[in-house]
Each structure stands twice: as C-alpha cells, then as structure tokens.
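User: I am new to protein models. Could you show me how to read a few features?

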Amino acid sequence: MEKGKNIGELGLMEKIVSLAKRRGFVFPGSEIYGGLANSYEYGPVGVELKKNIQDEWWRVFVRERSDMVGLDSSIILHPKVWEASGHVAGLVDAMVECKECHARTRADHLIENHFEAKGEKISVEGKLEAELDAIIQEHKIKCPTCGKFDWTPVRKFNLLFETHVGIVPEAQSKVYLRGETAQGIFISFKNILDSTRVRLPFGVGQLGKSFRNEITKGNFIFRTLEFEQAEIEYFFDPEETDWKTLYEQWKGDMWKFVTENLGVAADALRWREHGDEERSFYSKRTEDMEYKFPFGFKELWGLAYRTDYDLTQHMKFSGVDLSYTDPTSGKKFVPHVIEPAVGINRLMAMTMLAAYTEDGDRVYLKLPPRLAPYKAAVFPLLANKPALVDLARQIHSRLQKKFPVAWDDRGNIGKRYYAQDEIGTPFCITVDFDTLGEGDAEKKNTVTVRDRDTGTQERVHIDKLEEFLHGKIYY
Ligand code: GAP
C-alpha cells in the first residue's frame with residue numbers, strides 16, 4: 001500500500017465534503033437560506049485551487065502551444081445559436097416527478113442507480129420515454145427521496161436555462177445561458193481567422209461558466225447548475241490530417257495532463273467509448289476519460305469528433321460563410337473539429353479526492369505544489385515574542401510578493417501544521433530563537449522548513465528561501 005494512503009473507499013466522499021467546508025474550499029450554495037440544490041460557493045482556499053487548475057489548463061493547452069489561441073465569448077449569445085447547434089431540440093433529458101414529494105429526477109439516473117445499488121449494470125441511453133416508463137413500472141423503482149412508488153409519466157425537459165433580455169418577458173426577448181462554451185468558439189471562428197495568423201490545424205481554447213438545469217443529485221461539485229467549462233475546438237482539414245491519429249494525440253495529451261499536472265494515479269482512470277445510442281447527435285466518435293470517484297467510474301473529460309457539424313449549421317442559420325481557404329493551395333472548405341471538453345469543478349473534485357491522504361493521525365492533501373492554494377505558510381514559534389513575530393512578518397511579506405503564502409500565529413506549532421496539511425500547503429516555515437541568533441549560533445538567520453508529505457524538517461537560510469521554494473514548486 002502507498003505510504004499514507006490507508007483510507008477505505010467508504011466515507012471518502014463524506015470526508016472530502018466535510019474537509020472542504022471546514023477549511024474553506026467549498027461551501028453548500030445559499031446555505032443561510034436553507035440551501036439551493038446542486039449549487040456551491042468556493043471559499044478562500046477553494047477559489048485558489050480552482051483558479052490554479054484553470055491556470056494550469058490554460059498554460060498547458062493554450063499558452064504553451066503554438067497551434068492554439070484563446071477566446072472569451074459571452075455567456076448570453078443570440079438565441080439562434082442554440083437552435084443552430086441543436087441544443088434547443090437536443091439538450092433534453094427525460095424526467096419523472098414523484099407525486100408524493102414532488103422530487104424530480106432524470107429517469108435514466110433513477111433506473112441506473114436502482115440497478116447499481118443491486119450490483120447490476122444497465123444502460124438506458126437512447127431509450128424512448130415509454131420504454132423508460134416501462135422499466136420503472138416493471139421494477140417498481142421507488143423515489144430515492146421519500147421512498148414512495150408514485151411517479152408521473154416520463155417527460156422531456158430542456159436543460160438550457162432560459163432568461164429574457166430587456167424588461168418584458170416576451171417570446172422575442174427569450175435568450176439562454178450558454179449550455180456549453182463550445183458554441184462561442186464556432187460563432188467567432190470567422191473573426192479569429194480574420195484577426196490572427198492561424199493556419200490549420202489549430203485549436204481555440206475557452207474557459208468560462210456554463211449552465212445546465214441539472215435536477216438530479218449532483219454528488220458534491222461533480223454535477224452542478226453552473227460550472228467552469230474548459231473546452232477546445234481543434235480545427236483541421238480532414239483530407240490532410242487523419243482524424244483518428246489526431247484523436248489519439250488528444251487522448252494522450254488529456255491523459256498526461258491528469259496524471260502529470262494534476263497528480264492523479266493512472267489506475268484510477270480509464271477510457272470508455274460511447275455506443276451509437278449514447279453518442280451525441282453531432283459526434284462521429286466520443287470517448288470519456290473516466291475517474292474512479294467514490295460513487296463509481298464517472299465521466300471526467302469528454303473527447304468528441306464533431307466533424308463539420310457545428311460550422312455547417314451556423315452557416316445555414318446565419319447565412320455567413322464560415323469556410324476556410326488554404327493560403328497555399330487556395331482550397332476552400334469547412335474544417336472538421338475534435339473537441340476535448342472538461343469541467344474544472346469536476347477536475348477539482350477529482351484532484352481533492354486523489355490528494356486526500358491519511359497517515360496515522362495525520363491528514364493531508366498531497367496536492368501537486370503548483371496547485372496548492374498556498375505554497376508555504378510562515379509561523380513565529382511563539383506569538384507573544386515580538387522579535388520572533390517581527391522577523392516572521394518580514395519574511396512573510398517578502399515571500400508574499402512572489403507566492404501565495406499563509407500566515408499563522410495561533411495555537412501551537414502542531415495545530416498550525418495540522419491546519420496547513422489539510423489545505424495542502426507544501427511547506428511550513430518557522431522562525432525560532434535560532435533564527436534570531438539566540439540559540440545555536442550556526443543557525444542564525446536560518447528557519448526550519450517542514451515538508452508536508454514527509455514531515456521532515458531542514459534549515460534554510462532566509463536569503464535562500466525564495467530560491468528554495470521556487471525550485472520545489474515550479475520544477
Ligand atoms: N461541448 C461538449 C460538452 O459540453 P458534455 O459531455 O456535456 O460535452 C463536457 O460536457 C464536460 O463538462 C463533462 O465531461 C464534465 O466534465 C463537464 N460538465 C458537464 N456538465 C456538468 C455539470 N452539470 N456540472 C459540472 N461539470 C459538468
């Protein structure tokens with residue numbers, strides 16, 4: 001067994017949810033008003049972790065690649081965008097409502113969870129409402145909320161959130177909050193071609209909020225009403241680039257990111273290909289990278305070959321030519337696209353679960369240092385000795401200009417270590433009497449630096465601290 005990983009699977013989710021609230025990663029949404037299902041607030045350290053994952057994604061997939069550019073499009077787009085993309089007709093779920101307690105749930109989730117609880121597996125993707133109804137009735141599947149068996153018939157329900165532009169909620173003013181960031185990329189395709197020097201193959205990356213009216217239980221931040229999506233549309237000429245090769249390259253890049261940049265063990269990951277019934281209307285091949293969450297292997301990151309579906313649809317609906325002209329051959333055509341699409345919040349849930357470590361009494365988040373909310377914490381050994389506090393404050397403010405650094409002078413050192421371990425701070429720096437030159441003379445101007453993962457301590461000269469941390473964090 002890996003050192004320090006002695007947690008039984010049972011209860012891991014509960015431990016993460018509790019730690020997330022206790023330490024300020026994630027709070028239940030609108031809690032003082034009794035909560036709002038499937039919504040969360042990201043607390044002081046949670047916002048840092050989420051942002052670090054976003055920054056890492058942006059660095060690896062946009063900034064450090066010469067075949068990629070970025071985009072930040074609107075959340076509210078012209079309503080025709082969603083008609084063209086097929087989401088108004090297609091982003092629908094089959095729902096049932098319990099007549100007893102009025103809980104609404106997705107019929108496919110209700111059925112799949114019922115069978116999963118019995119240790120059986122069933123796939124109902126692509127089944128019609130009447131077929132879903134028949135399964136619920138035949139197996140007498142009860143409401144997971146109140147335990148009664150009294151359902152309405154299965155009905156289609158659109159996941160797009162509707163709102164209105166202007167003060168009068170008329171049909172003409174209806175708009176949608178975007179259900180995916182992808183469409184913003186397709187509708188800006190011409191402007192990107194006209195304003196930059198990109199040549200095929202190239203990709204456009206976008207990070208931002210997407211919204212879906214999810215009404216089944218979301219499993220913490222795994223499935224939420226609003227989430228930070230990170231999507232890439234990678235455009236290519238299908239006559240020049242073999243889509244299968246490109247597809248495999250993207251699989252490799254996604255896998256590398258999760259295992260190397262997010263520090264997740266490969267044996268907790270797998271690929272699963274969508275069958276004909278499950279695959280979205282626009283895709284020729286879709287595979288999900290799945291992570292072994294405590295509630296089972298679930299979709300983490302989707303990879304779809306969307307062909308030229310979206311650009312062609314937007315050409316039809318807008319009347320604008322979105323084709324590409326090869327500058328060398330003059331060939332004019334509509335590019336095809338491969339799309340890796342992930343939710344940052346889902347990556348964050350996985351990263352916290354994968355990092356959670358128990359070592360005897362010690363609990364720590366073994367986060368990759370780049371992702372840790374604080375890179376170091378600075379403590380004076382005693383809070384009531386002004387000389388220790390002053391020097392520790394100086395070190396803290398010097399380091400703070402370069403890294404996110406925490407300060408703690410409460411309680412004893414053990415408690416401070418405990419708190420920093422639980423938020424994944426890789427290094428704790430303590431200013432003691434030796435630092436002041438009041439103990440071992442050779443240790444004057446050195447501090448103890450304690451390593452989160454090993455618990456070992458070493459003395460580092462205060463003038464070398466910045467270099468020391470930099471080498472360990474951005475290796
Ligand atoms: N543009 C394609 C698309 O949006 P998707 O499989 O519906 O495909 C892509 O979503 C990714 O977005 C998922 O793999 C997941 O990581 C994330 N995601 C989707 N719905 C989500 C939700 N309600 N809450 C959190 N993340 C979500």
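Analyst: We will look at one helix, then at some aromatic rings. This is a predicted model, where local features need pLDDT of at least 70, side-chain atom pairs count only at pLDDT 80 or more, and totals for chains, interfaces and linings use all residues. Residues are numbered from 1 along each chain as its sequence is written, and side-chain values use heavy atoms, with hydrogens and water left out.

User: Which residues of helix H10 are buried?

Analyst: Start with the general idea. An α-helix has 3.6 residues a turn, so residues three or four places apart point the same way. Helices are DSSP runs (H or I, at least four residues), and strands are too (E, at least two), numbered from the N terminus. Buried means under 20% relative accessible area, with a 1.4 Å probe and protein chains only. In H10 (residues 309-318), the buried residues are Asp-310, Leu-311, Gln-313 and His-314. They cover an arc of only 160° around the axis, so they sit on the same side of H10. That arc is taken from the directions from the helix axis to the C-beta atoms.

User: How many aromatic pairs are there?

Analyst: Rings of Phe, Tyr and Trp (its six-membered ring) pair if their centres lie within 6.5 Å; planes under 30 degrees apart are stacked, over 60 edge-to-face, the rest tilted. The count is 23 aromatic pairs. Take Phe-61 and Trp-250: their centres are 6.0 Å apart and their planes at 35°, so the pair is tilted. Phe-61 lies in helix H2 and Trp-250 in helix H9, so the pair ties together parts 189 residues apart in sequence. Phe-61 is buried, at 1% relative accessible area.

Note on methods
Buried means under 20% relative accessible area, exposed over 50%, partly exposed in between (1.4 Å probe, protein chains only).
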